[in-house]
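Me: Please take a close look at one part of this model and set it in its surroundings. I would like a connected account, with every cut-off stated where it applies.

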Amino acid sequence: MRSQTRDYFAKFLETHSKLKTILDVGSLATQPGAHIKDIALKYNMDYLGVDMRKGDNVDIVLNAHDLSTLDKQYDLVVSFDTFEHDDAFWLTLEEMKRVL
């Protein structure tokens, strides 16, 4: 994730303080600081990171094509640098929409 993306996300949260829960789809941080969890926590958001692989910044390992194991709705659902790696991104988008 580019630093400009992180900066933009932080500014977005500054102006959207009513958002309390966030789901980050494709949250695996492949480089140090390449995630948004710290920003979400700074704004007291309930953050959940999901990815197909276990690793840094991943709370639950699952396929984003099926988010049915998640038992709640989210105020904000984001995904950064993920869809180009997703072989059925349209299914992931439908699932992301469903949990909003």
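**A loop residue and its surroundings**

Reply: Asp 81 is found in the loop between β4 and α3, where helices (H or I, at least four residues) and strands (E, at least two) are DSSP runs numbered from the N terminus. The model is predicted, so local features need pLDDT of at least 70 and side-chain atom pairs count only at pLDDT 80 or more, while totals for chains, interfaces and linings use all residues. Residues are numbered from 1 along each chain as its sequence is written, and side-chain values use heavy atoms, without hydrogens and water.

Asp 81 has a phi near 55°, a positive value in a residue that is not glycine. Most residues other than glycine have a negative phi. With 53% relative accessibility, Asp 81 counts as exposed (over 50%; buried is under 20% and partly exposed lies in between, with a 1.4 Å probe and protein chains only). Asn 57 likewise has a positive phi, of about 80°, although it is not a glycine. Asn 57 sits in the loop between β2 and β3 and, at 8% relative accessibility, is buried.

The largest pocket holds about 550 Å³ of space. Its lining comprises 27 residues, of which Gly 26, Asp 51, Asp 81, Thr 82 and His 85 are the closest to its centre. A pocket here is an open set of points on a 1 Å grid over the protein atoms alone, with protein on both sides within 12 Å along at least five of seven lines; lining residues have an atom within 4 Å of a point. Grid points are joined across faces, edges and corners, and the volume is the space filled by probe spheres set on the points. By residue class, the lining divides into 11 nonpolar, 10 polar and 6 charged residues (Ala, Val, Leu, Ile, Met, Phe, Trp, Tyr, Cys and Pro are nonpolar, Asp, Glu, Lys and Arg charged, and the others, Gly among them, polar).

Strands β1 (21-25) and β2 (46-51) each supply at least two residues of this lining. These strands run parallel and are joined by 5 bridges, with Leu 23 opposite Leu 48 in β2; strands pair if DSSP finds at least two bridges between them. The open sheet has 4 strands in the order β3-β2-β1-β4, with parallel pairing. At its edges stand β3 (60-61) and β4 (76-78), each with a single partner strand, so one side of each lacks a neighbour in the sheet.

The whole structure contains 2 aromatic pairs (ring centres within 6.5 Å, using the six-membered ring of Trp; planes under 30 degrees apart are stacked, over 60 edge-to-face and the rest tilted). Phe 9 and Phe 80 have ring centres 6.0 Å apart and planes at 85°, so they form an edge-to-face pair. Because Phe 9 lies in helix α1 (residues 3-14) and Phe 80 in the loop between β4 and α3, this pair ties together parts that are 71 residues apart in sequence. Phe 9 is buried at 4% relative accessibility, whereas Phe 80 is partly exposed at 22%. The rings of Phe 89 and Trp 90 are also edge-to-face, with centres 5.3 Å apart and planes at 80°. Phe 89 is partly exposed at 37%, as is Trp 90 at 47%.

Helix α3 (residues 89-98) includes Glu 95, which is buried at 12% relative accessibility. Leaving aside residues up to four places away in sequence, Glu 95 touches Ala 64, His 65, Asp 66, Leu 67 and Ser 68, contact meaning heavy atoms within 4.5 Å.

Methods: On a 1 Å grid over the protein atoms alone, a cavity is a set of points where a 1.4 Å probe fits but cannot get out, and a pocket is an open set with protein on both sides within 12 Å along at least five of seven lines; lining residues have an atom within 4 Å of a point.
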